[in-house]
Structures are given as structure tokens and as C-alpha cells.
Amino acid sequence: LTASEACCECGGGFDGDLPSEIPSLSPKPTTSMMPSAVCFDVEDWIDIYDDDCTWYELNDPDGCPQDGSVLGTGNLTASEACCECGGGLYGYLPSATPSLSPKPTTSNPPTQNPTISMMPSAV
């Protein structure tokens with residue numbers, strides 16, 4: 001290295017901690033954040049007035065205090081079927097990048113004895 005590359009006073013050098021020449025192991029394993037659950041409105045739900053969950057998002061305050069008790073498809077209220085009203089279904093979206101399983105997935109081997117169908121065969 002030249003003085004201008006190595007010397008901070010000369011415009012070079014390094015601001016911060018230098019990386020070690022030998023990597024070290026972390027005392028605790030690092031963890032990633034669990035994916036956040038995402039709310040999904042109950043699919044194809046509509047109330048007795050033919051309104052879906054979008055109507056409640058646009059017309060009822062958060063939590064649907066005014067109309068959340070209106071019944072709809074499957075005998076569910078808006079408060080049970082719509083995320084906006086505090087209901088809905090929770091699930092996880094698939095990750096953008098798939099991850100490999102740490103060990104292979106196994107299944108049972110095929111049975112040694114074939115089964116006999118009780119259905120008559122076509123002649």
C-alpha cells in the first residue's frame with residue numbers, strides 16, 4: 001500500500017473496525033424473523049345487502065363498529081369474515097426464495113402386496 005492508500009490524513013485509510021483475518025463463530029446462533037401472518041378476507045363472502053369486505057373497508061370505520069354484525073355468506077358476520085372488521089383468515093405467504101430442507105423428506109415405501117380392486121372390470 002502506498003501512503004495515500006493507507007494513511008487517513010492523506011485521503012486513504014479505513015474508517016471503522018477492520019475485519020479480522022480469522023472469522024469467529026457467533027456465541028449464539030443467528031435467527032431470522034418469523035414471517036408475518038397476513039389476513040385474508042373470507043373468499044366470496046357477501047352480506048345480506050350484496051356488499052363484500054371492500055364495502056366495509058370504504059364505508060365503516062376501523063373495526064366496523066357500525067355494521068360489523070351484518071350477516072352474510074356462511075352465516076358469518078362482517079366482523080368474522082373481513083380483515084377490516086377484525087375477522088378474516090390468517091396465513092403465511094410463500095417466501096420469495098425457497099429454502100432447502102436441512103434433511104431429505106422421506107415417505108413410506110410402496111406396499112409389497114398389491115391391493116385387489118372390488119370394482120368389476122370392464123369386459
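Q: What share of the 123 residues of the protein chain counts as buried?
A: Keep in mind that this is a predicted model. A residue counts as buried when its relative accessible area is under 20%. Of the 123 residues in the protein chain, the share that counts as buried is 15%.

Q: In what order do the elements of the protein chain run from the N terminus on?
A: The secondary structure comes to three helices and two strands. Start at the N terminus and read along the protein chain, and the elements go α-β-α-α-β.

Q: Is the ring pair of Trp45 and Tyr56 stacked, edge-to-face or tilted?
A: A search of the whole structure turns up two aromatic pairs. In the pair of Trp45 and Tyr56, the rings sit 5.9 Å centre to centre with 55° between the planes. Planes under 30 degrees apart would count as stacked and over 60 as edge-to-face.

Q: How many residues apart are Trp45 and Tyr56?
A: Trp45 lies in the loop between β1 (38–40) and α2 (53–59), while Tyr56 is in helix α2. Their pair links distant parts of the chain, and the two are 11 residues apart.

Q: Why is the pair of Trp55 and Tyr56 not called tilted as well?
A: The ring centres of Trp55 and Tyr56 are 4.9 Å apart, and their planes meet at 80°. Planes over 60 degrees apart count as edge-to-face. So the name for the pair of Trp55 and Tyr56 is edge-to-face.

Q: Does Trp55 count as buried, partly exposed or exposed?
A: Trp45, Trp55 and Tyr56 form one aromatic cluster. Tyr56 has 1% relative accessibility, so Tyr56 counts as buried. Trp55 has 28%, and the middle class runs between 20% and 50%. That makes Trp55 partly exposed.

Q: Which parts of the chain does the disulfide of Cys39 and Cys83 tie together?
A: A disulfide joins Cys39 to Cys83, with S to S at 1.9 Å. These parts are 44 residues apart in sequence. Cys39 and Cys83 therefore tie together strand β1 and the loop between α3 and β2 (89–91).

Q: What is the handedness of the disulfide of Cys53 and Cys82?
A: Both Cys53 and Cys82 are buried, and their sulfur atoms are 2.0 Å apart. The torsion about their S-S bond is about -80°, so the disulfide is left-handed.

Q: Which residues is Cys64 in contact with, leaving aside its neighbours within four places in sequence?
A: A disulfide joins Cys64 to Cys85, and both of these cysteines are buried. With its sequence neighbours set aside, Cys64 is in contact with Tyr56, Glu84 and Cys85.

Q: What pattern do the disulfides of the protein chain follow?
A: The count comes to three disulfides. Number the bonded cysteines along the chain, and the pattern reads 1-5, 2-4, 3-6.

Note on methods
Residues are numbered from 1 along each chain as its sequence is written. This is a predicted model: local features need pLDDT of at least 70, side-chain atom pairs count only at pLDDT 80 or more; totals for chains, interfaces and linings use all residues. Side-chain values use heavy atoms; hydrogens and water are left out. Rings of Phe, Tyr and Trp (its six-membered ring) pair if their centres lie within 6.5 Å; planes under 30 degrees apart count as stacked, over 60 as edge-to-face and the rest as tilted. Helices (H or I, at least four residues) and strands (E, at least two) are DSSP runs, numbered from the N terminus. Buried means under 20% relative accessible area, exposed over 50%, partly exposed in between (1.4 Å probe, protein chains only). Contact means heavy atoms within 4.5 Å. A disulfide is a pair of cysteine sulfur atoms within 2.5 Å.
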